[in-house]
Amino acid sequence: MNQTGVQLASIDEQNSLSHQQINIPVANSGPPPPPNPNARRLTPNLPCRHLLTGPRKEYLKIGVPLYEASIRCDWVAAKAILDKHPDIELVRYSITENGETALHVAASAKGSYVVEFVDNLVGLMNKEDLALENENFNTALYLAAVAGNIETIKIMLKKNPTLISIPGTGGQMMPLYAAALFGNYDVVKYLYENSKELRDDGWTDQNRGWLLEKCVVNDMFDIALEIVKNYPKLCGGTVLGLLARKPEAFHETKSNFIGKTIKLCKQFYSLMNITQQSSENKHQPGNGNVPEGFAHKPEASPEAKSNIIGRTVKSVFAFMPTKVGAHEKENNALSLLRIIWEDIAQKPKSEIDRILRGPPDSIKQDKSASGRVVRAMQLQKLIAEHLDKLEAETQKIFEAQPDSTTQDANPPAAKVDHALQLKNLISEYLVNMHIASEQIVKQESMPLVGKRDQALELQKLISEHIVYMHDETQNITKQKENQAQNLQKHIHKSITKMRTAKTLKESHSSRILFVAAEMGNTNFLVELIRGYPDLIWKVNDNNQSIFHIAVKHRHEGIYNLLYEIGAMKDLITPLRDEHENNMLHLVGTRAKQKQLEDVSGVALQMQRELLWFQEVKNMIPPSYRERRNEDGLTPHELFTIEHKELVTQGEKWMKGTANQCMVVAALIATIVFAAAFTVPGGYDQNNGIPVFDSKATFIVFVVADAISLFTSSASILIFLAILTSRYAERDFLESLPKKLISGLATLFLSITTMTIAFGISFFVLYHKGLLWVPILICVFAVLPVLLYIKLQYALFIDVISSTYASRYLFKPKKRVLYYENPKV
């Protein structure tokens, strides 16, 4: 049997980390024996408790001040207390009911003086003193690992290296695991480097597995990678399931303009370097016997100069960080995934399926879980008893021999009598089952809800069974011939079906593939499919593929993999779930709000939903686009019902935005229209021509004012068109967003030109030594424009990207599922 990885026992982290006070016998004040981490100790290595067990006055006089000095890391105060009582080894005394020494308290404290305090305190202690534990078996180093105080850990390990292998919290958790549990990366890295690759005493495959899981949970992938390399048998489905829930760990680094420029310059340098080498080889003398002193030293050639430039380019770009593709440089998470998946992929198919399937769902563990288990058992017993009784009574009816005279005189009468008896038997059976099941369910004070609730599923099964038997019985009784035989067949069929259905099928909601699809972990799925291409055919308990889950949760990265599997997509997309919903039905249901958070504005969210619907509609075969689900709804009808509220909210958002922007545009139009007839400097009273008509600044003022008037008027008309739109579903796809873009752009242009007209008017009036006045005014006049850009930029860019860039969400040009040049 192949090994599938270490099975890890559960560990109660909350209880094990609590500081509950328990009664432990006082330990001898002598030096403690060396700890044996491999053995489960019954009592901790406690410090001396004389301060706590002695007179209370002594504890208040010594213990409380020492505790206050330790928690504040005040070494001056602590040193004064220690020097005042030289006859007592206070560094070995417990100063809390839970058994903490001054070192315990200081090691878990926070502050800038912790390191100094611990360093001085450790200097007064013996090696054995550092191994003292509190009531929960925690050493001071263990508490420092929990708190993340790496410098104090270094101080203590320098004096007593064996502290790293003394477990805490009841002797279950190693300090390294505690640091990983609380996400203290620096402490974890340091302790792992000093743990001899987890080969110290106390390490087993079980707690190594615990550590590996916590490193993955807290994104310490480099340490997890080292653990897996050293202990390959820890590779298993648990770690794979944790990686499936971390899509952010597998994001591919996207190249930007700077990165592409750097790469281009490096290629240019490489080309120059190759040219220079070939040139040098070309100019080397062919005769090797020429004396070195007589060799001709040519001047620096253009190739040499270009090489100098190339070296300069290389030295400059050596200090600039470059971003490379996922195939050139793998991150630790991806490397960890590949090692684990490579190990799993070599197992038999049945074993791979078991790992990917995950554990079966268990009954929800809450306050009423035990009661629900009882209800489920009672319902199963009820079904079994009633089915057995129905089967026995049916058999008795047909075994009973009718009277011979009746049989000879009127044979059909016996058949009619059998049919009537069976009909009455079915009615009595259905009524009794309904009453009995209701009595059992009413005993449950809490409503039957939740995933994998057996009582709820059995109750639903009974209801469906009652309705089915009643309807089918009515149909049979309407027939005139063979009623008894048909009723007998119906009873036998119903009994067989019910006995099969009452044994609930195990469900697996934590299937690794579908967890990754739900989380949008595209690169994770890509790696798995590369090693096991048949994974694209896997379905969950609802008969949905990973692509159905991706559509349901709007993860375009996973959905786009359909374009890379060729014609096989036509066999996957038509799959229907238990409610007869195909992929187009799934995209017709409204996405959760969390999946639309990156889209600003309800109208743009509706636009994104329409884009998804149109894309999936084009993807599935035409014959499935109008298929109805079990509710009798086509995908488009379901989309309309699900998005009715979103359409209403989108209309409200769009009208509110248009109203506010139109008010601003109207104000601008009013101002610039009046400014056109009240020009700076006024008019010449003799001819009516503006006084400064010949100045260039005046011409700029007139043009800017006219542009502001025209653009503000256009903005008003555009926003008015938005207000009077019909707001149909398809209007949110392009019509309304484009109008909003045009309205915002013209409004911005009108504000900008109005500000220019206002600022330039002062250049017309103020001159001859007062030029600083219009310059100062123009500087402040830029502020409203900048403020508009800052406040409306995000909305404007979101509308543009949602309208014009969203079309690139689908059908990517770059292939990610399979390499263009497969590795052999």
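Is S108 buried, partly exposed or exposed? S108 is partly exposed, since its relative accessible area is 35%, and this residue is taken up again in one of the close-up views of the predicted model below.

**Figure 1. Overview of the predicted model.** The protein is built with 34 helices and zero strands, and of its 824 residues, 44% are buried. When contacts between residues at least 6 apart in sequence are considered, 78% of them join residues that are at least 24 apart.

**Figure 2. Helix α4 beside helix α6.** Helix α4 covers residues 75-84 and helix α6 covers residues 114-123, and their axes come within 10 Å of each other while crossing at roughly 20 degrees. Because the angle is under 35 degrees, α4 counts as roughly parallel to α6. The crossing in which α4 passes α6 is right-handed. On the side of α4 the contact is made by W75, A78 and L82, and on the side of α6 by F117, N120 and L121. Sorted by class, the residues in this contact of α4 with α6 are five nonpolar and one polar, with no charged residues.

**Figure 3. C73 in the loop that leads from α3 to α4.** C73 is found in the loop between α3, which spans residues 56-71, and α4. The phi of C73 is near 55 degrees, a positive value in a residue other than glycine. Most residues other than glycine have a negative phi. C73 counts as buried because its relative accessibility of 7% is under the cut-off of 20%.

**Figure 4. S108 in the loop between α5 and α6.** S108 has its place in the loop between α5, made of residues 102-107, and α6, and with a relative accessible area of 35% S108 is partly exposed. If residues up to four places away in sequence are not counted, S108 touches L143, A147 and N149. S108 and S70 are separated by 38 residues in sequence, and their C-alpha atoms are 9.9 Å apart in space.

**Figure 5. L198 in the loop between α10 and α11.** L198 lies in the loop that joins α10, residues 185-193, to α11, residues 205-217. Although L198 is not a glycine, its phi is positive, at about 65 degrees. The relative accessible area of L198 is 0%, and L198 is therefore buried.

**Figure 6. Helix α23 against helix α24.** The axes of α23, residues 512-519, and α24, residues 522-531, come within 8 Å and cross at roughly 145 degrees. The contact is made by I512, L513, A516 and A517 of α23 together with F524, L525 and L528 of α24. The residues of this contact of α23 with α24 divide into seven nonpolar, no polar and no charged.

Figure 7. Over residues 744-765 the chain of the model is 100% helix and 0% strand, with the end C-alpha atoms 32 Å apart. Over residues 771-789 the chain is 95% helix and 0% strand, and here the end C-alpha atoms are 28 Å apart.

Methods: Residues numbered from 1 in each chain as written. Predicted model: local features only at pLDDT ≥ 70, side-chain atom pairs only at ≥ 80, totals over all residues. Heavy atoms only, no water. Axes fitted to C-alpha atoms, helices over the stretch in contact; angles between N-to-C directions. Helix = DSSP H or I, 4+ residues; strand = E, 2+ residues; numbered from the N terminus. Parallel < 35°, antiparallel > 145°, perpendicular 65-115°, else oblique. Left-handed = near helix turned anticlockwise from the far one by under 90°. Contact = heavy atoms within 4.5 Å. Nonpolar A, V, L, I, M, F, W, Y, C, P; charged D, E, K, R; others polar. Buried < 20%, exposed > 50% of the residue type's maximum accessible area, 1.4 Å probe, protein only.
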